[in-house]
Amino acid sequence: LGFDIRGYTAVGLNDLFTACRGVYLKHALGPASSTSHTKKDVESGEEAPKPLSKLSLLFYNALLSGVVLYPYLRWTGDLDVARQWFDAPAEGAVVAVALSASLGPVLQYAIFVCTQHNSALTTTVVGALKNVATTYVGMFLGGDYAYSLVNFAGITVSCVASLVYSWAVLLGRQK
């Protein structure tokens with residue numbers, strides 16, 4: 001294991017932005033039982049703005065992501081690499097890209113629904129649990145996993161913590 005400041009900074013920023021996004025989604029979507037009609041503000045008598053729908057949030061998320069991502073891809077040169085790849089794609093790769101591009105919005109919608117019905121923290125923990133499960137599957141099916149006790153212990157601790165949190169939330173809802 002080695003220390004790379006850029007890597008730790010990237011992971012830290014990803015965690016920060018993911019947490020901010022979850023909190024904003026919970027705030028923007030409101031409770032799952034909210035109605036779409038506007039309510040009058042008690043103090044001012046003005047109508048409060050309606051919460052955004054899930055589809056509106058999906059649209060604005062994609063729009064703002066594209067605005068941020070496009071200059072970054074131009075700066076790193078990845079946009080040119082992608083264009084060259086699409087000029088002569090490998091067999092079956094176009095189908096894989098099409099499936100990936102179509103399943104992305106489905107995943108985003110599922111995250112929005114999960115955040116609306118649960119807390120932002122629960123959505124994050126469930127996402128981490130999914131990532132850990134994917135990592136375990138990759139260890140056994142991928143064939144390129146180099147076993148390390150520290151690495152395996154870290155993944156296992158993350159998985160157990162996610163399961164304990166999910167179990168505690170489930171028990172809390174049953175009360």
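Q: Which residues of helix 5 are buried?
A: This is a predicted model, in which local features need pLDDT of at least 70 and side-chain atom pairs count only at pLDDT 80 or more, while totals for chains, interfaces and linings use all residues. Residues are numbered from 1 along each chain as its sequence is written, and side-chain values use heavy atoms, with hydrogens and water left out. Helices (H or I, at least four residues) and strands (E, at least two) are DSSP runs numbered from the N terminus, and a residue is buried under 20% relative accessible area, exposed over 50% and partly exposed in between (1.4 Å probe, protein chains only). On these terms, the buried residues of helix 5 are Ala-120, Thr-122, Thr-123, Val-125, Leu-129, Val-132, Tyr-136 and Met-139.

Q: Which helices do the buried residues of helix 5 pack against?
A: Contact here means heavy atoms within 4.5 Å. By that criterion, the buried residues of helix 5 pack against helix 1 (5–29), helix 4 and helix 6.

Q: At what angle do helix 5 and helix 6 pack?
A: Axes are lines fitted to C-alpha atoms, for helices over the stretch in contact, and angles run from 0 to 180 degrees between N-to-C directions. The axes of helix 5 (residues 120–141) and helix 6 (residues 149–174) are 9 Å apart, and the angle at which the two helices pack is about 140°.

Q: What is the handedness of the crossing of helix 5 and helix 6?
A: A crossing counts as left-handed if the near helix is turned anticlockwise from the far one by less than a right angle, and as right-handed if clockwise. For helix 5 and helix 6, the crossing is left-handed.

Q: How many nonpolar, polar and charged residues does the contact of helix 5 with helix 6 have?
A: Helix 5 contributes residues including Val-125, Leu-129 and Val-132, and helix 6 contributes residues including Ile-155, Cys-159 and Ser-162. Ala, Val, Leu, Ile, Met, Phe, Trp, Tyr, Cys and Pro count as nonpolar, Asp, Glu, Lys and Arg as charged, and the others, Gly among them, as polar. By class, the contact then has 13 nonpolar, six polar and no charged residues.

Q: How far apart are the end C-alpha atoms of helix 6?
A: The expected span of a helix is 1.5 Å times one less than its number of residues. The 26 residues of helix 6 should therefore span 38 Å, which agrees with the separation of its end C-alpha atoms, 37 Å.

Q: Is Thr-156 buried or partly exposed?
A: Thr-156 lies in helix 6, where Ile-155, Cys-159 and Ser-162 are buried. The relative accessibility of Thr-156 is 26%, so this residue counts as partly exposed.

Q: Which residues does Asn-118 touch, not counting residues up to four places away in sequence?
A: Asn-118 sits in the loop between helix 4 (93–117) and helix 5, and at a relative accessible area of 15% this residue is buried. Leaving out residues up to four places away in sequence, the residues that Asn-118 touches are Lys-26 and Arg-173.

Q: Are helix 2 and helix 4 parallel or oblique to each other?
A: The axes of helix 2 (residues 54–76) and helix 4 come within 10 Å and cross at roughly 130°. Angles under 35 degrees count as roughly parallel, over 145 as roughly antiparallel, 65 to 115 as roughly perpendicular and the rest as oblique. Helix 2 and helix 4 are therefore oblique.
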